[in-house]
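I opened the model to look up a sheet and a metal site. My notes follow.

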Amino acid sequence: MKHLTIDPSAAIPPTRDYPSDAKLPESLPNATETKLHPSNAGGENASLLFVGTATTILEWEGIRLMTDPNFLHAGDHVHLGPGVTGTRLTNPAVDLHELPRIDLICLSHYHADHFDDHVEASLRRSLPIITTPHAKSHLTAPHKTPEEAFTSVHDLDFYDDIMVDIANNKKEKKPAIKVTGMPGKHVPPGPGGMVGKLNDLIAAVPPTNGWMIELGYHASSSSDEDFKPGYRIYISGDTLLIPELSTIPERYPHIDLLLIHLGGTTIPSPSMPLLMVTMDAEMGVKLVQLVKPDLVVPVHYDDYDVFLSPLSDFKKAMEDAGLNEKVVYLDRKEEYRFKVREE
Ligand SMILES: [Zn+2]
């Protein structure tokens, strides 16, 4: 297992080009609405703010963990492969330079709708990033000048894990976050025999991880063995429904929250939808039925014009499957609050 310690007492801006005359905000912007578990609310001590695309900010024990930072605005373009661009249709709930301190980033893959050029140029180089080996090679590549390379990038293959300990916490039981890489595949396996543009497209789609994020406490010592998860979040990443995902419920019989990347992303363009590279509504419901989370929150569903499966399709499919009670829908700038168990 890899190890990382983060210290939330250091109030450093998340960006390296933070305006020198600006005061770093102490908190996230207020959510426009706070949602709780439909059946068993109470004792909430953690929150998840939906910023847009697959960008969320998890707050717990004084820590802020941000997923897939994408802060482009409506009308901005992203490059998604040879000859493939997407146009953003929405604005993020908060701007990159309005963020308070951020302690950790989990980046599912190196793709511009998850880590845009503006974010890459602006982020503080020492901000810890947990990601794929492929993304790490881009973020720390030797061709980058020393001031361009990120200095705290931690790569995980499928089922590799890292224990993130939280420094300067006064509780007797020390809080920690265990992050494990989950399997994912962004393109359909082995279409075979395809030539030209489609093949180039497939080759250019980056490898992707999902994540299991376990929030919990060390029972006594700070050893890895005495870590007890008090809340499990499975983030699907930009995966299709692939056979490898069936290993997840075998390893994790109880998942509290599934953050599912939907959208039925289709490339090269909405007018030429040759290849679907993220789950649509039908696959999304199948994933819910496979991993049986206590609750689902959909993300990555309407922010770009390459997302062809609207959230309304997923809503309907969840209703048809009798799973309506299992889902909380967040609009941008809304938050979900939940309880991390301390047992
Ligand atoms: Zn995506």
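Before any pairing, the terms: two strands pair if DSSP finds at least two bridges between them. Helices (H or I, at least four residues) and strands (E, at least two) are DSSP runs, numbered from the N terminus. The model is predicted, so I kept to its limits: local features need pLDDT of at least 70, side-chain atom pairs count only at pLDDT 80 or more, and totals for chains, interfaces and linings use all residues. Residues are numbered from 1 along each chain as its sequence is written, and side-chain values use heavy atoms, with hydrogens and water left out.

**Entry: the sheet**

I looked up the strand order. The sheet is open, has 7 strands and reads β1-β11-β12-β13-β14-β15-β18, with mixed pairing. Its edge strands are β1 (2–6) and β18 (295–299), each pairing on one side only. Neighbouring strands are turned by 25° against each other on average, direction ignored. For such angles, axes are lines fitted to C-alpha atoms, for helices over the stretch in contact, and angles run from 0 to 180 degrees between N-to-C directions.

Next I checked what packs on the sheet. Helix α5 (residues 281–291) does, touching β14 (227–235), β15 (257–261) and β18; contact means heavy atoms within 4.5 Å. The direction of α5 makes about 155° with that of β15.

**Entry: strand β13**

Which residue of β13 is the bridge partner of Ala176? I found Gly216. Pro175 stands opposite Tyr217 in β13. Strands β12 (residues 174–182) and β13 (residues 210–218) run antiparallel and are joined by 9 bridges. On to β14: β13 pairs with β14 over 8 bridges, in the antiparallel sense. There Leu215 stands opposite Tyr231.

I then checked burial (buried is under 20% relative accessible area, exposed over 50%, partly exposed in between; 1.4 Å probe, protein chains only). In β13, 9 of the 9 residues are buried, so the strand is largely enclosed by the rest of the structure.

**Entry: the zinc site**

I listed the protein donors of the zinc ion: Asp113 (OD), His114 (NE2), Asp238 (OD) and His300 (NE2), at 2.1 to 2.4 Å. Donors are N, O and S atoms within 2.8 Å of the metal (3.2 Å for Na, K and Ca); water is not among the atoms, so sites may look incomplete. The donor spacing in sequence is D-H-x123-D-x61-H. His114 lies in the loop between β8 (104–106) and α1 (117–122), and Asp238 in the loop between β14 and α4 (247–251), so the pair ties together parts 124 residues apart in sequence. His114 counts as buried at 0% relative accessibility. Asp238 counts as buried at 2%.
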